[in-house]
Amino acid sequence: MSEIKLSAQSRTEFGKGAARRIRRDNQIPAVVYGHGSDPQHIQLPGHETMLALKAANALLSIVVGDAKPVLALVKDVQRDPVRQIIEHVDLVIVRRGEKVQVDVQVHVTGEAAPETVVTVENQTLLLEAEATHIPTAIEVSVEGLTAGTQVLAGQLTLPEGSILAIDDDVLVVNVTQQITAEAAEAELAEAEAEAGIVALPSDDAIAEAQAEAEAESAEAKADSEQE
C-alpha cells in the first residue's frame with residue numbers, strides 16, 4: 001500500500017468552538033500519538049483527508065511544517081451522525097517494518113454452483129501485517145462450490161506477509177442450497193403453526209365465502225317458497 005502524504009498544521013486552540021472554526025476553514029482537527037511520544041494536536045486539509053480516508057487502512061505520511069514526516073494509521077474517525085462530515089481523526093504512529101493488526105475486507109470472487117446461496121459470514125478478518133504492507137483485501141474464491149461448503153479462515157490463502165490474528169475455525173463464507181418460493185412458504189406455515197399463529201384469510205377468500213353463503217341462502221329461500 002502506497003503512502004498518502006498530507007501536509008498538516010499544528011493546533012493550539014481546543015474546544016468545540018475552536019473545532020468549528022477549523023472545520024469552517026475546510027480543515028479537520030486531529031491528534032497523532034504512539035511510540036511513547038506526546039500526543040500532537042494538528043489540523044489536516046479537509047478535502048485531501050476525506051479522499052485519503054476512503055481507502056481502508058490508509059497509511060498516511062503526516063508532514064507538519066519542516067518536521068520529519070511521520071507515518072500513521074487511522075485509529076478512529078468521529079463523524080457527525082446526521083451530516084456524516086468528519087469531525088475529528090485519531091492517528092497512531094507506526095514504524096517501517098513494524099507489525100500491526102488491522103481488519104481487512106473480505107472480497108468474494110467467482111460463481112458458486114447453480115441454485116446455491118453464498119453468505120459472507122465475516123465481512124472483515126483481523127490480520128497481522130507490516131504497517132507499510134497492509135493488504136487491501138482478502139480474496140475468497142467460491143467458483144463451483146456446492147451447497148454445504150463452508151470456508152474457514154484457516155483455509156484461506158492470505159496476502160504475502162500477512163498472518164491470521166484470529167482462530168483458524170472462524171467461518172468466513174457459507175454456501176447453502178437455494179430455497180424455492182414453495183419451500184419458503186411451507187417453512188413459514190410450519191413455523192406459524194408451531195408458534196400457534198393462525199393465518200387470517202385473504203380479502204379474496206372472505207369475499208368468495210360471503211358470495212357462497214349468499215347463494216346458499218337464496219337457494220334455500222327459493223326452495224321454501226316453492227313448498
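**Notebook: strands, pocket, overall form**

I began with E7 and E10, which pair in the parallel sense over four bridges; two strands count as paired if DSSP finds at least two bridges between them. Helices (H or I, at least four residues) and strands (E, at least two) are DSSP runs, numbered from the N terminus. Val-106 has Ile-138 in E10 as its bridge partner.

I noted the basis of the entries. This is a predicted model, in which local features need pLDDT of at least 70 and side-chain atom pairs count only at pLDDT 80 or more, while totals for chains, interfaces and linings use all residues. Residues are numbered from 1 along each chain as its sequence is written, and side-chain values use heavy atoms, with hydrogens and water left out.

I then looked up the sheet. It is open, has four strands in the order E10-E7-E9-E12, and its pairing is mixed. Strand E10 (138-141) and strand E12 (163-164) are the edge strands, each pairing on one side only.

Next I checked the overall form. I found four helices and 13 strands in the protein. The radius of gyration is 31 Å, well over the 17 Å that the globule rule gives for 227 residues, so the protein is more spread out than a compact globule. That radius is taken over C-alpha atoms, and the rule is 2.2 Å times the number of residues to the power 0.38. The C-alpha trace spans about 115 × 50 × 25 Å along its principal axes. Of the 227 residues, 29% are buried (under 20% relative accessible area, with a 1.4 Å probe and protein chains only).

I went on to the largest pocket, which holds about 320 Å³ of space. A pocket here is an open set of points on a 1 Å grid over the protein atoms alone, where a 1.4 Å probe fits, with protein on both sides within 12 Å along at least five of seven lines; lining residues have an atom within 4 Å of a point. The volume is the space filled by probe spheres set on the points, which are joined across faces, edges and corners. The lining has 16 residues, and the closest to the pocket centre are Asn-57, Leu-73, Val-74, Lys-75 and Val-102. Strand E5 (70-79) and strand E7 (99-109) are the elements that give two or more residues to this lining; E5 gives the most, with six residues.

Last, I looked up Thr-49, which lies in helix H2 (residues 46-52). Thr-49 is buried, at a relative accessible area of 1%. Leaving aside residues up to four places away in sequence, Thr-49 touches Leu-6, Ile-28 and Leu-44 (contact means heavy atoms within 4.5 Å).

Key: Buried means under 20% relative accessible area, exposed over 50%, partly exposed in between (1.4 Å probe, protein chains only).
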